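Me: Could you take a close look at the salt bridges here, and describe with care where their partners sit? I am new to this structure, so please give the cut-offs for the terms as you go.

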Amino acid sequence: FRVVVCMEDGPAKPAPDPVRLAMDRLGVRAAWMVGDTPDDIRAARAAGAIGIGIPAPTEDPIIARDVLRAAGSPRVITELAELERMLP
């Protein structure tokens, strides 16, 4: 990985600071962040990134989709392989 941001590098989610730090270190202004909790999605949105939701393996995917969308995720995927199909 070119950039690693750990939980010790900033306040806990939903604070956007760690997401902003990663974006700064990568030198980008736009980003996607994949997360499995509402706080992941909120942190991404607050940092100006797009929060892509993915249910955790132990969660009911239907309930998780609704929860992640309610947190502001414009898209919820069911597996990481879907990201490749989303890329240009």
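Reply: Aspartate 39 and arginine 42 join their side chains in a salt bridge, with 3.2 Å from N to O; the term stands for a side-chain nitrogen of Lys or Arg within 4 Å of a carboxyl oxygen of Asp or Glu. This is a predicted model, in which local features need pLDDT of at least 70 and side-chain atom pairs count only at pLDDT 80 or more, while totals for chains, interfaces and linings use all residues. Residues are numbered from 1 along each chain as its sequence is written, and side-chain values use heavy atoms, with hydrogens and water left out.

Because aspartate 39 and arginine 42 are 3 residues apart in helix α2, about one helical turn separates them; helices here are DSSP runs of H or I with at least four residues, strands are runs of E with at least two, and both are numbered from the N terminus. Aspartate 39 is partly exposed at 29% relative accessible area, and arginine 42 is partly exposed at 40%, where buried means under 20% relative accessible area, exposed over 50%, and partly exposed in between, with a 1.4 Å probe and protein chains only.

The structure holds 3 salt bridges in total. In another of them, lysine 13 pairs with aspartate 40, and the closest N and O atoms are 2.4 Å apart. Since lysine 13 lies in the segment before α1 and aspartate 40 in helix α2, this pair ties together parts that are 27 residues apart in sequence. Lysine 13 is partly exposed, with 40% relative accessible area, whereas aspartate 40 counts as buried at 6% relative accessibility.

A further salt bridge links aspartate 66 with arginine 65, whose closest N and O atoms are 3.2 Å apart. Aspartate 66 has a relative accessible area of 43% and is therefore partly exposed, and arginine 65, at 30% relative accessibility, is also counted as partly exposed.

Helix α2 (38-46) also has a part in covering helix α1, for together with β1 (32-35) it is included in what covers the buried residues of α1, contact being heavy atoms within 4.5 Å. In helix α1, residues 17-26, the buried residues are Pro18, Val19, Ala22 and Met23. Seen down the axis of α1, these buried residues fall within an arc of 140°, so they line one face of the helix; the arc is that of the directions from the helix axis to the C-beta atoms.
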